[in-house]
Structures are given as structure tokens and as C-alpha cells.
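Here is a short tour of one structure, grouped by topic. Please keep the sequence and the 3D view open as you read.

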Amino acid sequence: EGYKCLIAANAKEALAILEKEPIKVVILDLRMPVMNGLEFIKLYRELHPESLIQFLMITGFIDSNSMRLCFKEGAIDYLYKPITLEEIKSAVDKGLEKYSLASEYRRAWNKNKEKLVHAEKLIKKKHLEMVQLMLQMVNARDKFTEQHCKRVCEISGIIGQKMGLSTHLIAKIKLASLLHDVGKIAIPDKILLKTGQLTPEEYKVVKEHSQKGYEIIKGYVSKEIAEFVLYHHEQFDGKGYPFGLVAARIPLGARIIALADIYDALRNYRPYRRALSKEEAVVTLNKEAIKYDPIVLQALFSATDEIENKVFSKTIEKSG
Ligand SMILES: [Fe+2]
């Protein structure tokens, strides 16, 4: 694929390679001989605090605590064993993209810090204005969707915190959460507001909303945020839409939004069922756990009390 790939049998060898070679992305196992993956990243960060190397973790077991600590040290994502070549390719691409964005940012920062801080403030303000405008548009069509987007934003933020993600990444995930269903603007009223069962044709139209949302926002937000929206109905087992992506091929932010989205749906009334309690929602998610990223699911389960207090203590929607 045109990548130069170097292999190290243990942490010592890896450190020696990193000293000599211009490495951009490191893929490492959480469990390694001599020094585990977390210890390795910690040590490397201590030795080279300025390095922009992107770390991707590989894990054979669901260890959300270790992953949380890896995120704190700057890991960008994780892959579960067994890993396919496709997954590695997409993870490396993601890592290289992040590396070049980080280098660009570093260059701009060194050149003119004040200007960049000012530009960031401006972008933040524009983002807020755009989100408010879009939510108003969604609200004008369908009050339920606006409230749902706000709750999904809060739930995603809490999950992100539990996972130990950076405040920067959490902010991006929260922005995408607010916008995740904006594509519903393009769904005809008779389908969007229908209370009865959708026909297969109608469901096909509803499913277009993630792509339509992506098209609407892509010119206004970063590619990363737009993609969180595009992939928010992908499933970990590959049975989601629009592309049927599997596991780590789905961006981490989209994996989080997908679960926050379904948790909110379960905790609220639907025309075909009552709102489930927290405990019932957990049982339901456990039954269909294959659809979700196990580490994200674990983070959600550890946060249900906090979510109840912060998100659902006010009211549960009584209408669809
Ligand atoms: Fe959606």
C-alpha cells in the first residue's frame, strides 16, 4: 500500500526504532512482553513530549480501564483482535491523517499563535451559530428530534469523559451529536411524522438521513465531525447503514454517538412501546451487545446513574 512498515518484537526494540526512524503511526498491543502498551506510551511521551506520533492500541480483551489511561496519554483509537487487514489499513490511514493535521496545526501555532487562537474562537462562535440555526430548522419540523439531539449530545459527552477522551475530541463528538439527525430535515413529513409502522420503502427513505445530514454540514464543520454524523447508524457487527462498516472502521466518535442515540431512544416513549427504565434499557443493550463497541458499552454502563441525573431527571418524553 506504499507504507513503510517496521516491526518490533518488544518495547525496547520499538523505542530504538522510534529514535532512528521518522515514524508517524505506531500500532501496539496493550499486552506486550517486558512493558505493556500503556507503560510504553507513557514512557515515550515522557521522553518525547513534543512528538506527534499517533498511537493505535490493539487489545484482545475488553479492558476499558487500560484504554481510558491510554487515551489520557494520547492514544487515538483501539482495535480488537482478531484484526483484519482492512481494519489495519483504515486505522493507519486515520493515524496518518491525524499526524498530518497535527503537524499542520503545530506549524501554524509556531508561526502565529495569537492569530490561531483568534481564528479558533471565531470558528467556535460560527459553529455555535450554525448549530443553533440547524436545531431551529429541525425544531420547526419536529420538536422531538431537537430534544433528542440535545440529550444525545449530553450522553455522548458523559461517555467520552468516562472513556478518558481528550476535551478536544469530546467537544467534536458533542457537536456531531447535536447535528447527527439534521438530515431528517430532508425526510418528507408523511414519513418523518408517521406514528404507525413504516413500510420498507419508507424506512429506506428514513435511512437516508445520515448521508443527507453529512451533505448539509460537511462544508461547515471539519471532515472528522461530518463523518461522525455520516456513520452514526453504522453498527459494530457491520449490519448498520449506510455502508455496513465493521468495528474500528467506524470512527470512534460515531461508535459513541450510535450508542448514546439508542440509549436515549430506549429511555423514551415510542409509538410502538413505552419508555424503558434504566435497568430495562441496560438489559436490552446487553441482549444486542454485538451491535456496539464493547468498550463504549462498558463506559455507558458505568455512567448510567450520572446520565439519569444529568439527562433524564427532568422529564421523559411522553409523545413520539
Ligand atoms: Fe439518526
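Helices (H or I, at least four residues) and strands (E, at least two) are DSSP runs, numbered from the N terminus. With that in hand, K24 falls in the loop between α1 (11-20) and β1 (25-29). This is a predicted model, in which local features need pLDDT of at least 70 and side-chain atom pairs count only at pLDDT 80 or more, while totals for chains, interfaces and linings use all residues. Residues are numbered from 1 along each chain as its sequence is written, and side-chain values use heavy atoms, with hydrogens and water left out.

**The iron site**

- The iron ion is coordinated by D181 (OD), H209 (NE2), H232 (NE2) and H233 (NE2), at 2.2 to 2.3 Å; donors are N, O and S atoms within 2.8 Å of the metal (3.2 Å for Na, K and Ca), and sites may look incomplete because water is not among the atoms.
- Along the chain, the donors of the iron ion follow the spacing D-x27-H-x22-H-H.
- D181 sits in the loop between α7 (167-179) and α8 (189-192), and H232 in the loop between α11 (223-230) and α12 (252-266), so this pair ties together parts that are 51 residues apart in sequence.
- The arrangement is irregular because the four donor atoms subtend angles of 83 to 172° around the iron ion.
- For reference, four donors count as tetrahedral if all angles lie between 85 and 135 degrees; four count as square planar and six as octahedral if opposite donors are over 155 degrees apart and all others between 65 and 115; anything else is irregular.
- D181 is buried, with a relative accessible area of 2%, and H232 is buried at 1%; buried means under 20% relative accessible area, exposed over 50%, and partly exposed in between (1.4 Å probe, protein chains only).

- S210 belongs to helix α10 (residues 209-217) and is buried, with a relative accessible area of 0%.
- Leaving aside neighbours within four places in sequence, S210 is in contact (heavy atoms within 4.5 Å) with V229, L230, H232, Y241 and P242.

**K24 and its surroundings**

- K24 counts as partly exposed, at 39% relative accessibility.
- Not counting residues up to four places away in sequence, K24 touches I53, Q54, L96 and Y99.
- K24 and L96 are 72 residues apart along the chain, yet their C-alpha atoms are separated by 6.6 Å.

- Four of the five residues of β1 are buried, so β1 is largely enclosed by the rest of the structure.
- β1 and β2 pair in the parallel sense over five bridges, where pairing takes at least two DSSP bridges between two strands; V26 stands opposite F55 in β2.
- Helix α4 (residues 85-111) has 27 residues and should span 39 Å at 1.5 Å a residue, which agrees with the 39 Å between its end C-alpha atoms; the expected span is 1.5 Å times one less than the number of residues.
- The buried residues of α4 are E87, S90, A91, V92, G95, Y99 and S103, and what covers them includes β1, β2 (54-59) and β3 (75-80).

**Cysteines**

- A search of the whole structure finds zero disulfides, a disulfide being a pair of cysteine sulfur atoms within 2.5 Å.
- The sulfur of C149 is 9.3 Å from the closest cysteine sulfur, in C153, too far for a bond.
- C149 counts as buried at 1% relative accessibility, and C153 counts as buried at 8%.
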